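Here are my notes on the model you sent over. Have a look at it first, and then we can go through the side chains together.

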Amino acid sequence: MGFFVGTLVFLVIICLIIAASCIKIVPQANAYVVERLGGFLTTWSVGLHFKVPFIDRVAKRVTLKEQVVDFPPQPVITKDNVTMQIDTVVYYQITDPKLYAYGVENPIMAIENLTATTLRNIIGDLELDETLTSRETINTKMRATLDVATDPWGIKVNRVELKNIIPPAAIQDAMEKQMKAERERREAILRAEGEKKSTVLVAEGKKESAILDAEAEKQAAILRAEAKKEATIREAEGQAEAILKIQQANADGLRMIKEAAPDKGVIQLKSLEAFAKAADGKATKIIIPSEIQGIAGLAKSVMEIAENK
């Protein structure tokens, strides 16, 4: 009895294990390729699935995420017979799990070999300088070729990048010397352009300075002329004002004489004084009109009487 119970328990446990093994949960971004009796049955997508024990089996678990594979450097020869090392990076994604499982024995190795041969074909049509400056063109051609070739394997090549292009050491030395010479040439050109601009700026500065000096001298001459003109005008105005005051004084004197109504004797005396001033001690001979001779004699008599006293 005990043996029977133990056997029953053992069978129940075995059944549970088998039933559990028949329940499969496919995670996100994955797919399972299922075979029945060695032949392809179906592809399980995300979710819960059941399989028939001992008849169905999961032949391959496939990830549907985009994957990256970095291939080691490959020796390639350019059109001008330069051997260089180029390593590539391929971004691919599995789009058909069935084709991926049954299309090729080792998909990654197949992609690597296909990448190497495609790269050699493309680089063989380019010279060294074109290879170094045409990365984008090479990437595009390689992606297009690999994408077509990997379609039967259920793989889509999204992008191909040239990671490193390593020319021979002698070529690298020559390129470095060429780059150094180019930098020195550019430096010499920039220095010459700088000196040229400096010379032009100095000449322009001198020209501007000369123009400013001429303008300043012109302004100074104008100011001197205006000052001289103003001085001449003020001097003329002063002289005119002096003459006007003298004439005014003479007119005032005549008016006062007229208002005083002098008699004939006073007028004759004034006339005598005028003749004396006209002589000013320099004339040796004075002609006196007859009208004032009598007055002159009278004045002399008066002077002699004054002296006798």
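The points below go through the core, the surface, the rings and the charges.

1. First, a reminder that this is a predicted model. Everything here is computed from it, so please read the points with that in mind.

2. Let's start inside. The largest nonpolar core has 30 residues, and Ile86, Leu119 and Ile138 are the ones with the most contacts inside it. Strand 8 (83-94), helix 3 (107-123), helix 5 (135-150) and strand 9 (155-166) each give two or more residues to this core. Helix 3 has the largest share, with six residues.

3. Now for the outside. A nonpolar patch on the surface is formed by Val5, Val9, Phe10, Leu11, Ile13, Ile14 and Ile17, and together they have about 610 Å² of accessible area. Val5 belongs to helix 1 (residues 2-21). This residue counts as partly exposed because its relative accessibility is 41%. As background, nonpolar side chains in soluble globular proteins tend to be buried together.

4. On to the rings: how many aromatic pairs are there? The count is one. It is Phe40 with Tyr102, and the pair is edge-to-face because the planes are at 80°, with the ring centres 6.0 Å apart. Phe40 is in strand 3 (residues 39-44) and Tyr102 in helix 2 (residues 97-102), so this pair ties together parts 62 residues apart in sequence. Both partners are partly exposed, Phe40 at 33% relative accessibility and Tyr102 at 39%.

5. Two arginines also sit over tyrosine rings. The charged end of Arg61 is over the ring of Tyr32, 4.9 Å from its centre. Arg159 lies over the face of Tyr91, at 4.1 Å from the ring centre.

6. The whole structure has 12 salt bridges. Glu187 is partly exposed at 45%, and so is Arg191 at 44%. Glu217 also bridges to Arg224, with the closest N and O atoms 3.4 Å apart.

7. Finally, is Asp147 buried or exposed? Asp147 is buried, because its relative accessible area of 14% is under the 20% cut-off. Its salt bridge partner is Lys156, with 3.7 Å between the closest N and O atoms. Lys156 is partly exposed, at 35% relative accessibility.

Notes
Residues numbered from 1 in each chain as written. Predicted model: local features only at pLDDT ≥ 70, side-chain atom pairs only at ≥ 80, totals over all residues. Heavy atoms only, no water. Patch = residues over 30% accessible without salt bridge, like charges linked within 9 Å, V, L, I, M, F, W, Y side chains within 5 Å. Areas by Shrake-Rupley, 256 points an atom, 1.4 Å probe, with all protein chains shown as cover. Salt bridge = Lys/Arg side-chain N within 4 Å of Asp/Glu carboxyl O. Helix = DSSP H or I, 4+ residues; strand = E, 2+ residues; numbered from the N terminus. Buried < 20%, exposed > 50% of the residue type's maximum accessible area, 1.4 Å probe, protein only. Phe/Tyr/Trp six-rings, centres within 6.5 Å; stacked < 30°, edge-to-face > 60°. Lys NZ or Arg CZ within 6 Å of the ring centre and 35° of its normal. Core = buried A, V, L, I, M, F, W, Y, C linked by side-chain atoms within 4.5 Å.
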